[in-house]
Amino acid sequence: MLALGLLLGFVGAGGSGFIISILTVVFGYPIHTALGTALAAMFFSSFSGSISHYREGNMKLRPGVVVGLTGAAGAWISSGWSSLIPEDRLGYLTSGMLFASGFALWFRMAYVSRRPQTPESMNASSVKGWRFWVNAPLVGFLTGALSGLFGIGSTPFIQLGLMLLLGMSMRYAAGTTMLVIMPIALAGGAGYFTIGYLDVHLLAAVVIGTMTGAYIGAKFTKRVPAAWLKTCMVLTPMLGGAILLL
C-alpha cells in the first residue's frame, strides 16, 4: 500500500480501483471485501484533499453538497446490490469500469484542452434554476451508484458531469469532486459494512500505507513533463483493470 500510494500521489488519483486489484490478485482477499475496503478508504484521502481545495478557493459548496448527498444515496443503495453479483462476474465488471474510467479521463483532458478559457468559463457553474436541481441530483445519484456497486471512485465521471451538465470549469470541477466523493465513500463504505464486507483492520493498513505514500509521491508531480503525467493518469486505472482482468 505504501508503494501504491507513491504512484497514486504522483498521478493525483484516488486509486480505489487499483487498490481493489492489488488486494484481490496479490493478497487474495474476496473482491466484495476489497470493494468495501477501497471505497471506505477514499473518504480519508478525499477529506484531506477537500480541505486543501477549499483553502485554495477551488470548491463550490452548494453544488458539492447536492451532488454529494444524492451520490451518497446512490452508493448506499448500490452497495447492497453488489452482494447479489457473483465474485467472478463482479471482477470482470469492475475491470471494465476501470477501463471506462481511463477513457473518461482521456475524454476529460481532450474536452478541457478544446474548451475556451474565457472569464465566464472560470465561474463555478453556469447552470441555474430548475436545470441545476435536475442535473445535480442526476450526476450525484448515477456516479454514486457506480461507486457503490463497483467500489471505484468515479472521479472522471463526476468531473465530466460537473463540467458538461453543470457548466463548471476544470478548476472548480476538480476541487468540488473531492467534496462530492466524501459522502459517497462514507455511505458506500457503511453499506458494505452492514452486509459484512468491510475489514476494519485491512482498512487501517490501506489508509496508513496509501496516505503516507501519496504524500511522498505528490512531491514528484511537478518534476516530470506534463505529457508523461497525463499518460500515467490515463493508464493507471487501465493497469488496475488489466491486473484484475488477467
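The model is predicted, so to speak of local features pLDDT must be at least 70, side-chain atom pairs count only at pLDDT 80 or more, and totals for chains, interfaces and linings use all residues. Residues are numbered from 1 along each chain as its sequence is written, and side-chain values use heavy atoms, with hydrogens and water left out.

Let's start with helix 6, residues 129-150. Helices here are DSSP runs of H or I, at least four residues long, numbered from the N terminus. Just after the helix, Gly-151 takes a positive phi of about 75°.

Several of these names come back around Val-67. Leaving aside neighbours within four places in sequence, Val-67 is in contact with Ala-136, Val-139, Gly-140, Leu-162, Leu-166 and Val-180. Val-67 and Leu-162 touch the most other members of the largest nonpolar core, which has 50 residues. Such a core is a set of buried Ala, Val, Leu, Ile, Met, Phe, Trp, Tyr and Cys residues joined through side-chain atoms within 4.5 Å.

Now for two helix pairs. The axes, lines fitted to C-alpha atoms over the stretch in contact, with angles running from 0 to 180 degrees between N-to-C directions, come within 8 Å for helix 5 and helix 7 and cross at roughly 35°. The residues making this contact include Met-97, Ala-100 and Arg-108 of helix 5 and Pro-156, Phe-157 and Leu-160 of helix 7. Helix 3 and helix 8 pack with their axes 7 Å apart, at an angle of about 145°. Among the residues in that contact are His-32, Leu-35 and Phe-43 of helix 3, and Ala-174, Met-178 and Tyr-192 of helix 8.

Last stop: Pro-237, found in helix 10 (residues 226-245). Pro-237 is buried, with a relative accessible area of 19%. Beyond its neighbours within four places in sequence, Pro-237 is in contact with Leu-98, Ser-101 and Gly-102.

Note on methods: Helices (H or I, at least four residues) and strands (E, at least two) are DSSP runs, numbered from the N terminus. The expected span of a helix is 1.5 Å times one less than its number of residues. Buried means under 20% relative accessible area, exposed over 50%, partly exposed in between (1.4 Å probe, protein chains only). Contact means heavy atoms within 4.5 Å.
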